[in-house]
Amino acid sequence: MFFCFSLSYLLRFFTVWILVVELASTATINPSSKIGNGYRLIAVQDSTNGGGLIGLLQVKQKNNVYGPDIPLLQLFVKHETESRLRVHITDAEKQRWEVPYNLLPREAPPSIKQTVGGQRKNAHSKTPTSSEYAGKELIFAYNADPFTFSVKRKSNGQILFDSTSDESDPYSSLVFKDQYLELSTKLPKDASLYGLGENSQPHGIKLYPNEPYTLYTTDISAINLNADLYGSHPMYMDLRHSGAEPSAHAVLLMNSNGMDVFYRGNSLTYKVIGGIFDLYFFSGPSPLAVVDQYTSLIGRPAAMPYWAFGFHQCRWGYHNLSVVEDVVENYKKAKIPLDVIWNDDDHMDGHKDFTLNPTAYPRPNLLAFLDKIHSQGMKYIVLIDPGIGVNATYGVHQRGIAKDVFIKYQGKPYLAQVWPGAVNFPDFLSPGTADWWADEIRRFHQLVPVDGLWIDMNEASNFCTGLCTIPTGRICPNGTGPGWICCLDCKNVTNTKWDDPPYKINASGIQAPIGYKTIATSAYHYNGVLEYDAHSLYGFSQSIATHKALLGLEGKRPFILTRSTFVGSGRYAAHWTGDNKGTWEDLRYSISTMLNFGLFGVPMVGSDICGFYPASTEELCNRWIEVGAFYPFSRDHANFYSPRQELYQWESVAESARNALGMRYKLLPYIYTLSYEAHLNGAPIARPVFFTFTNDTELYGLSTQFLLGRGLMVTPVLEPNKTTVEGIFPRGSWYNMFDFTKAIVSKGSSNRVSLDAPLNSINVHLYQNTIIPMQQGGLISKQARTTPFALVVAFPLGEAKGESKGNLFLDEDENPEMKLGNGHSTYVDFYARISNGSVKVWSEVDGGGFAMEKGWIVDKVSVLGLHGGNKSGFEIEIDGNKIEDGSNVEFKTIEHEFVGKLEEGGNKIKSVMVEITGLELPVGKNFAMSWKMGIQG
């Protein structure tokens, strides 16, 4: 939560710009100049400890640009799995900072002490000028002098990474200094790159050549384009289609230090201000395989409770409990689904974490309200910020001081300012902090039984800069004016190399000092770890501690929403995209950011629906809920200073919400099953269209449509004053989810189709060969979950033969583990086949006892795209038994209508959907149903 008027923002901009100009006078290096002279490989041998190669690199010619070169480097290379290769380069003589292995568990490389001695003994032995080290799918190849390496596919020799630096290239060979590391790769011009976040990308999901990509967690609004935002994810996926088959791979640089990444179209360069080069290569070759391999290393996405996929309402500025009660009641009156009501910091006493405002949110009244909504199945979530108010009467702070949990500067807790005023920041890298944090959450939960926590401002955000003290003789803050204006007495900290590194990353998009409006980078964590190194891990480490704390409360599945993220954050938390703007541009950007986080292993993601600030227009809010209803995480949130924008505030928006969220709530079984797949293998819930249709290069940059799962496509209106929208429909048959009779058929290749899109409608289409489970919906997910199931089976339209499949996962959704075999879950595979007029639909169930206990049934099956016209000779069998006249089972056929122009005489196709109702098929038991259409295929 951070808001500033345009004047405030301009003042901040010019303040930073003055600092930049002052610093620029000392800069004499052209950013495009070559910095180093590379290294030579002087020894290499097989590792005796766990396999792999170990080498020793020696600098070729030293220079002092950005500091002296590190003379000797240790190289470690290992094929960790069939599809994952690791290349680890660090100082051969001195331990350097790495992302802590206890924070992000992974295989540790050989220690320097174990390897460097033996390497030096062999340093004068003959080293091969070039060689290869092959694994199952990838090959590591190297040249010794100068040392360069490449990574290739074993199957076809395709070069995925090539660190060679030619004389004409605008980048150096390997550079490794204490505070400046540089490494580059050549790229083919047909490579499409994705990732490298978090940022708002104006050109869509594909990385755009010569745009800045800076990674350093920063509290600047998401309205800032191509700037380092709240998260750091130094991972990119590379998709190519230069041969017969498309192929994707990914590269991760496991490094938490600030960095610039320069993508030029034919090359990519890392410029990092610390740490090491710890590169992981993932062979794919499909985009889904890439994300599977990536999340197998960094951690599978967290299991989410079912209710988390319902709709959420929040606002900064719900001044008292009565307002919150009215919001819940108004959603109910408007018949708009709502599962979770949120408080920003309005519930707090003086903005202090783990407190209640006794006047605005009296505890007895709040508990009565929570009893009421909990009995209905609704949930309540509140915000906590990491900054703990410095206050002698504030128990949270006093217990933190007693347990020594805060980040230090010169031996004292580092002082900053956030909403409560003066604060100290917990050090989540300290082993004792997690226990203290869990105890504070436990105490608060006893005060207020919240259902989840929202951790904000954890980049970490600071309203001041430098070394500060609490002023004497005046109150800070004094309660007047914006709360984000620094009122502490502060002085800049620029006297150390950690506060003023020689290379300036493009922080905040303007080369701001890296300690600007955050924790001073010369402050330190437990065991002397510098904030300089650990800065971008702050939100990640807080997410881990919060997840552990919530899990220990009642043994329930935690729900955490975090603003700041790092590699692996999705294992613990959901993410929203921060302070966006109520504009059509921001609506478009939200799709690319959502899709990026699916790549990053954070599939539970969404943006503030209708925009955080300023005021949204009625038309924009209509269109935004139509998109936002299909974000994995769907929440309306607005700023303190913006007009109210709950979905019932405009009748037209309420109608759009009922339509779009009504469909979402019917699709909850499908969306929840996608979340199970994400937890199992990392598959994004919302994903780019090319994930399914990888052969079609026209889709590689498509950022205005997206898929939920494999075959449910959303085509939103993203511009004002439009009642139609053009969508790209890949080859095959697509069926309108709001009217199954309407079909789009693309023959040969993708077609552009103009779709009707009146104000209150959203286009959602189901692809052929897919079966999706649905329920009847409701105003709360708990109610919707008790209704009968319907199966929608989509075949290729009018084809005589075809197959479709789908699945369904059900469980006791607040159990900590999301898995089969525990007696509290059921998994169902659905199959369907059409062959010459004979149709069969059947299921195969694993762990059916849970679904049987719940009494879930399938009462309706709709089969789309069948060839034919009438029902003469229709006979239906269920589990081998004919359905006789007089039963409750009813059957009807409806002819399909076609949207857009059909090719090759396609208008002559006669095809129907079949709808069978009155069924009572237990979800927990295998079933098979079949019939003949009474016509020939």
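Among contacts in the protein chain between residues at least 6 apart in sequence, what share joins residues at least 24 apart? The answer is 71%. Keep that number in mind as we walk through the structure together.

Hi everyone. The average pLDDT of the protein chain is 92, and 93% of the residues reach at least 70. Strand E17, residues 277-282, has the highest confidence at 99, while helix H1, residues 6-24, has the lowest, with a mean of 34. Over residues 2-29, pLDDT stays under 50, although the model has 41 contacts there beyond four places in sequence. How should we treat a stretch like that, and what should we not do with its coordinates? Where pLDDT is low, the predicted coordinates should not be read in detail. 

Now the overall picture. The protein chain contains 15 helices and 53 strands. Along the principal axes, its C-alpha atoms fill a box of roughly 90 × 75 × 50 Å. What radius of gyration would a compact globule of 937 residues have? It would be near 30 Å, and the protein chain has 29 Å, so the two agree. As for burial, 62% of the 937 residues count as buried.

Let's move on to a pocket. Rolling a probe the size of a water molecule over the atoms shows where empty space is left. In the second largest pocket, that space comes to about 450 Å³. Its lining is made of 21 residues, and those nearest the centre are Glu 677, Arg 687, Arg 710, Lys 805 and Asn 807. Which elements each supply at least two residues of this lining? They are helix H3 (287-298), helix H13 (668-681), strand E42 (770-774), strand E44 (801-811) and strand E45 (825-835). H13 gives the largest share, with 4 residues. Sorted by class, the lining has 7 nonpolar, 8 polar and 6 charged residues.

Next, some backbone details to look for on the screen. Most residues other than glycine have a negative phi, and most peptide bonds are trans. Here are some exceptions. Between Gly 284 and Pro 285 the peptide bond is cis, with omega near 10 degrees. You will find Pro 285 in the loop between E17 and H3, and E17 is the strand with the highest confidence. Another cis peptide bond joins Cys 476 to Pro 477, where omega is about -10 degrees. Pro 477 sits in the loop between strand E27 (467-469) and strand E28 (489-491).

For positive phi, look at two asparagines. Asn 527 has a phi near 65 degrees and belongs to the loop between E28 and helix H8 (531-534). Is Asn 527 buried or exposed? Its relative accessibility is 71%, so Asn 527 counts as exposed, the cut-off being over 50%. Asn 836 has a phi near 50 degrees, and its place is the loop between E45 and strand E46 (838-846). With a relative accessible area of 43%, Asn 836 is partly exposed.

Met 304 lies in the loop between H3 and strand E18 (311-313). It is buried because its relative accessible area is 5%, and buried means under 20%. Which residues does Met 304 touch, not counting those up to four places away in sequence? They are Phe 309, Arg 557, Phe 559, Ala 573, Ala 574, Met 604 and Tyr 672.

Leu 550, in helix H9 (residues 538-554), is buried too, at 10% relative accessibility. Its contacts beyond four places in sequence are Ile 441, Leu 453, Lys 556, Pro 558, Phe 559 and Ile 560. Notice Phe 559: it is in contact with Leu 550, and Met 304 touches it as well.

Finally, Asn 596 is part of helix H10 (residues 584-599). At 3% relative accessibility, Asn 596 counts as buried. Setting aside residues up to four places away in sequence, Asn 596 touches Tyr 194, Gly 195, Gln 201 and Ile 205.

And that takes us back to the opening number: among contacts between residues at least 6 apart in sequence, 71% join residues at least 24 apart.

Methods. Residues numbered from 1 in each chain as written. Predicted model: local features only at pLDDT ≥ 70, side-chain atom pairs only at ≥ 80, totals over all residues. Heavy atoms only, no water. 1 Å grid on protein atoms, 1.4 Å probe; cavity = no way out; pocket = protein on both sides within 12 Å on 5 of 7 lines; lining within 4 Å. Points joined across faces, edges and corners; volume = space filled by probe spheres on them. Nonpolar A, V, L, I, M, F, W, Y, C, P; charged D, E, K, R; others polar. pLDDT = per-residue confidence, 0-100. Contact = heavy atoms within 4.5 Å. Rg over C-alpha atoms; globule rule 2.2 N^0.38 Å. Buried < 20%, exposed > 50% of the residue type's maximum accessible area, 1.4 Å probe, protein only.
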